[in-house]
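Please look through the structure shown below with the sequence beside it.

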Amino acid sequence: MKRLLQILLLTTIIFANDQIPGSIQKHPILLKGGILHTISGDVLRGYDLLFANGKIIRIDEEIIPSPETEVIDIYNTHVTPGFIVPVSQLGLVEIGQVKQSRDFAEIGKFNPNVRANVSYNPDSEIIPVTRSNGILLANVAPSSGRISGQSSLMMLDGWTWKDATMLHPTALHINWPNMRIRTGKKVKEKEKVQKEKIQKEIQALDDWVRNVKAYEQRISVHLLKSDEKQIPDIRLASMIPFINGEKPIFIRANEIRQIKSAIRWGNKHHLDIVIVGGRDAWRASELLVKFDVPVILQNVLSTPMRRFEPIHLPYEMPKILSDAGVQFCIAPKTGYPHNGNIRNLPYEAAMAVRHGLPKEEGLRAITLSAAEILGVADKIGSLEPGKDATFFLSNRNPLEITSSVSKAFIQGREIDLGDRQKSLYEKYKEKYRQLGKLEQ
Amino acid sequence: MIQVLISLLILISGFLFAQIEPVSDLHSNPSRVWALTNGMVHNEPGRFLKKATIILRDGKIMSLGRYIKIPEDAYEIDLEGAHVYAGFIESWLEVKKTQKDKVAQEHWNGKIRSEYQVLDDFKPDDTLLKSLHALGFTNAHIVPESGIFRGQSALVSLEKSPVSFNASVSQVLNFEYSGWSGKEYPYSLLGAIALMRQTFYDAKWYEEAQEKWNTYPEENEPIKANLSLASLAKSRQAKKPFTFMTRDEHYSLRALKILNEFNLNPWLLGNGFEYRRLKEITEMKPFIIHPLDFPAQPKVLDPNRALQYSTEQLKHWDLAKDNITRLNETGIHVAFSTHGLKKKPEFRQNLQSIIDRGLHEDKALASLTTIPAEKMGLENSLGKISPGFTANLVIVDGEYFDPKSRVVSLWIRGNEHKIAPRYLHNFKGKWSVSLNDSTFTLDFSILKGKGGKPEKLKGIFSSKAHSEKLIQMDIFESNISFSLNGVPFGFDGIVTIKGDLKKDQLSGILLDASGKNFDWQASRKKEKAPKPRKKDKASVLALAYPEGAYGFTTDPEKPNAILIDDATIWTSGPDGILEEYDILIENGIIKKMAPDIRVPKGSAWIINGLGKHITPGLIDAHNHSAAASINEGAQSVTAEVRMSDVLDGDDIALFRELAGGLTTANILHGSANPIGGQNAVIKLRWGKAPDELIFSDAPQGIKFALGENVKQANWEGSRYPQTRMGVEQVIRDAFLAAVAYKERQVNYEKNARLQRVKIPPRYDLEMEALLEILEGKRLVHCHSYRQDEIMMLIEIADEFGFTIATFQHVLEGYKIAEKIRDHGAGASTFTDWWAYKFEVYDAIPHNATLMAKNGVNVSVNSDSDELARRMNLEATKAIKYGNLSEEEALKLVTINPAQQLKIDKWVGSLEEGKDADFVVWDGPPLSVFTQCEQTWIDGTLYYSLEMAKAMEARDQALRSSLIQKILSTSSKVDGKLSVPNGEKHQGHFDCSVSDEVRFLEVNE
């Protein structure tokens, strides 16, 4: 009976289907004696961290708590800034194969105006599963057509998408045209025609830039007669901050010719561009450094693009980029069927560490580096006084698969670490207990 | 038989045959007795007669010799300076099927048309004849152009009304399939091969059945007539060749496997890649018809674009033209074809190229004449200039193997076909012109036609002081007319000049604007001797196994003895984890394991185990690497298809997986249908031929699948079943059919009277495979997700009395672990994939642990070329989710999958007597920070870090030297792009990938 009660209690917490968003931090909390992965500085062993009102107040060897401070002893526990996913479709899709649950791809080729955060479902079951592994922030992005739309940086906690939005827009997303010249039996188009088509695609993007600038110029003049006034154009208007360089443009480009062409394009129009994907980025590292173009590197855990490339090349890429001085962060793959496994982001970084990237740089690639590229490095990405209290506690180095997250905070709010999978696990453990077959 | 008779008749009656037709106007009876004199006669390969005479009489060669008497009734044709060859045979000419042949007695499958005779459709048009005649072809081996069993090829003369020399040369087969968009079985290479095999059995059965029916009509029901099967049986009886069309060396091996299985006379349409598996391909001594179609020059000018080419594509460009020579060297007979050449004239340039590279001219001539003639049964009639042979001759104004010389005429069955003027009126060059008491220079040069336009002549007329371009120009035979501005040369206005060419002299008149005439003469100025032609050279590149990257150029290391010294040994066996332990390996087997083993110095390969961890080679119970074809989805039951038919050991995935410590993989059919195909358990023996990958001791298995994929929930489809209810019925129905099949068979086999009088039961490969399941001889590996469907299959298995070997993926296995355990099935799961489709919404990463803790034998699988490179880390997730011990976690990728595949007697753990399949790790194998340093299979070192690095450097150097060579070669000859070697999909999973991915170039 007592046992049943325990289970009932457990299930009421865990079976709240969606986890309950954390409440605002009411009193200061002092984490005592942990291993602090500050990212911006050294790893501090046996240090204290004090946070209040959602912000980190102080990090020191010994902090004396005030009376209202809650003290949590975290000896030998790792504290790491919340991992940041720089591109994903989290909350925009529940089940990839179910059309009804897909909200990341608007119809048409040019959708610069669509905003990701308005279709972010804060009750998605994928969100709690993802943050269970220390991922506390995700930039969610539309992904279709040539110009896909605007991404939003979401905190993985909140009652509504508005609560969860940390920053919008973070970037405008463009899929760079495929620049391969196809050859072979089945290809009907002549090489010349193919080249012209590619040029046309890039030309179309040039035209968008010009049209946005012309549009901006016209609406900035206020003295026009009413019949000369510019009629609103939702697409052009939405692109202004990205074209005048206030906000970055994230360009998906993997193959070398795409990357080079995207950089040239960005440079020509004085845009602040970021390469997303970047499978060939190492072949363009000089150019990336020269024009100061960061890379959101996907596909670390993947096979090389080409048979003749080094067999571990994707694993070694972060190290290669780091040595070349390219600014980069690591992202998981996006789209079907990867959405459910964004949680494996730390293992992408771990593989990079296995192949030469220093351990703390591995952590940086999924925390502070991502924050820098997303333009929020002043708020998140490291453990520093004044920054958001967005971090998690784990029993081992969080890059190790065997580590587990024991507590997590987003802006000081303690996060419910339960999720759909843990609930099902508990439910079926109980089945085997009832059958008398599982000792636990 | 009748066909053969007719063709024989045609042959005997020769020209008389035409007289069967009524005469429409008057009788035409030309003489047809000719004496061709003074030619250089290449009467057969390796022999020639200078200034010889050939006497032709009524379509036959009567005699040949240097000093023979010319019959009085013969008309003499002087061939001074010309070379004469026996008519060439084009050995592969595909002919479009024009007639609709929907007949009641045809095979159920539209791609099986063995009864079809291509001869019925051969009506060559002038363009075709012209292009082949220009190359010297007087005969052609014509073949049907579509189908799997395409029908029968024939040997014909290349005339407007062709005459058949052999109406049924061979049965032609092609690995043809429709892909996922198709309407009919087979969709895939897997299915095409299975259908070939079943059809050969069917043909045999049909023959027996016919015989029984004819002998005992009262005892049997009549069987449905099937022309295809009847014709196949006949071809086999007559020991007719069976010609398989191949696309690369893997197809050659696949074809030879079937040819061997059914003991058929082996012919192949070659592909140019045979050199890559020369030993295996030439073993059966097949006759190979080799198109002289070579790869296009890769476009590597832009280094970024060069990346589009895989290294073996570049290498094949260098090696392809040596293929024929290499085949010849093994004693294989090769015949030539223009098949695949967009521009037929390139045939001769390519021929010159391969001769440059070392093919002897006699061999080349034999490939055009005697070899195909002999193979096609006409060694006494075609291919040589010899008395009694058909009067088929090629007259060339020089040596045929010099592409500059021209075929001027062909004799086909004693009738001359003029191809080109015997002498060319050559205006090109510099001429010294005397005109009006002055000397001028006339310079004609040839302007190359752009974009397929013909060549044009242009000219310049000049005196010492001036030069003028010719404005208009016209040439007709030996006459030339042109106009130019005459003023600078002292003439009035624009002048027109006419001339007539006689060898090296031109003469004619000039007419100026005022109407004045002037005579002129010109003689050809001596030209400098042209530069000697740069000869093509044979490739000097060493072959690698496999080609592409990371291939072995020498056999991998296999020491007689290996000593692993002082390492941490994760045995995955009863001994658990052993610290500071030694292993001695001899001849690929683990000989001894002990704390301290000593061997005489230098007698063993020593692996210093200090700080190293040794585990058994990892095993993946669900993998699709090394498969050229994965799904045969055209039918809901395809138990007859076999992954072993489509193995491709050149898949780079294998090497990358070795680099992650994987040594054994269960290569499964996809999940497109409830009962899929037969699996192949392989060891990752990199560089070996496909059959050598197979784990020969492993029991046979088969793939089943349930749920969304088989009911086509996530894509268009209307195949039965569309629900889980239907899936159950399909499986049940299949087994009921198999039981009934067995009963019929047993009944027949034990009753002598039945055997004597009754038509035997048809041998059915699909039923045979299903029966093996029921008899416990074939392991079922079932793709499944939801608990309901898992329970359903357990129920069916229990009912039919067999045990499911593994549930694959089994993502809801945690919900019914006790049911799986009680049934005795294993569970092979993904670790953490979920939420990509509806049926995996309840998947949890604790699945493996929860099942394991409830007594199920659990493994984790990859189903992906990428995950298969880090199976150790997939195992680690079982520690994270559900807290399995490290030792037990490693077993998820070692002994457990070995037990599931019933290969644990040999692999899966480190124990004395087992295969020496092991991995050397630089730290604890379950840590993300650990790397695989060496991977050994059967005591052979297939991967090590250093080895991979060295290979990488070697291949990069090879690549840049090939690009250098390509950049330094100018080539006008076109060609096809070669197929990249195993450039496949990026890690797929859930096995719903389609075929053909192999043919994609680099992934985007």
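## Briefing on a predicted two-chain model

In chain A, α4(A) and α5(A) are roughly perpendicular to each other, because angles of 65 to 115 degrees are counted in that way, whereas those under 35 degrees are roughly parallel, those over 145 roughly antiparallel and the rest oblique. This is a predicted model, in which local features need pLDDT of at least 70 and side-chain atom pairs count only at pLDDT 80 or more, while totals for chains, interfaces and linings use all residues. Residues are numbered from 1 along each chain as its sequence is written, and chains are lettered from A and ligands numbered from 1 in the order in which they are written.

**Packed helices in chain A**

- Two packed helices are described by the angle between their axes and the distance between the axes.
- Helix α4 (residues 191–220) of chain A packs against helix α5 (residues 234–243) of chain A at an angle of about 100°, and their axes are 9 Å apart.
- Axes here are lines fitted to C-alpha atoms, for helices over the stretch in contact, and angles run from 0 to 180 degrees between N-to-C directions.
- Helices (H or I, at least four residues) and strands (E, at least two) are DSSP runs that are numbered from the N terminus.
- The contact is made on the α4(A) side by W208(A), V209(A), N211(A), V212(A), K213(A), Y215(A) and E216(A), and on the α5(A) side by L236(A), M239(A), I240(A) and I243(A), where two residues are in contact if their C-beta atoms, placed from the backbone, lie within 7 Å.
- By class, the contact of α4(A) with α5(A) has 8 nonpolar, 1 polar and 2 charged residues; Ala, Val, Leu, Ile, Met, Phe, Trp, Tyr, Cys and Pro count as nonpolar, Asp, Glu, Lys and Arg as charged, and the others, Gly among them, as polar.
- Helix α8 (residues 313–324) of chain A and helix α9 (residues 345–354) of chain A have axes that come within 8 Å and cross at roughly 75°, and α8(A) and α9(A) are therefore roughly perpendicular to each other.
- Y315(A), P318(A) and K319(A) of α8(A) make this contact with M351(A), A352(A) and R354(A) of α9(A), and the residues of the contact divide into 4 nonpolar, no polar and 2 charged.

**Chain A as a whole, and its sheet**

- Chain A has 12 helices and 16 strands.
- The radius of gyration of chain A is 24 Å, close to the 22 Å that the globule rule gives for 440 residues, so chain A is as compact as a globular protein of that length; this radius is taken over C-alpha atoms, and the globule rule is 2.2 Å times the number of residues to the power 0.38.
- Along its principal axes, the C-alpha trace of chain A spans about 75 × 60 × 45 Å.
- An open sheet of 8 strands with mixed pairing runs in the order β6-β7-β8-β9-β10-β11-β12-β13 (chain A), and two strands pair if DSSP finds at least two bridges between them.
- At the edges stand β6 (83–88) and β13 (328–330) of chain A, each with a single partner strand, so one side of each is left without a neighbour in the sheet.
- β6(A) pairs with strand β7 (residues 135–140) of chain A in the parallel sense over 4 bridges, and F83(A) stands opposite I135(A) in β7(A).

**Strands and helices in chain B**

- Strand β2 (residues 47–57) of chain B pairs with strand β3 (residues 60–65) of chain B in the antiparallel sense over 5 bridges, and the bridge partner of I54(B) in β3(B) is L64(B).
- The hairpin of β2(B) and β3(B) has 2 residues between the strands, and D58(B) takes a positive phi near 45° there.
- Helix α15 (residues 724–749) of chain B and helix α17 (residues 765–774) of chain B pack at an angle of about 95° with their axes 9 Å apart, which makes α15(B) roughly perpendicular to α17(B).

**Where the chains meet**

- In the contact between the chains, 55 residues of chain B touch 48 residues of chain A.
- The largest share of the side of chain B that touches chain A, 5 residues, comes from α21(B).
- By class, that side of chain B has 22 nonpolar, 15 polar and 18 charged residues.
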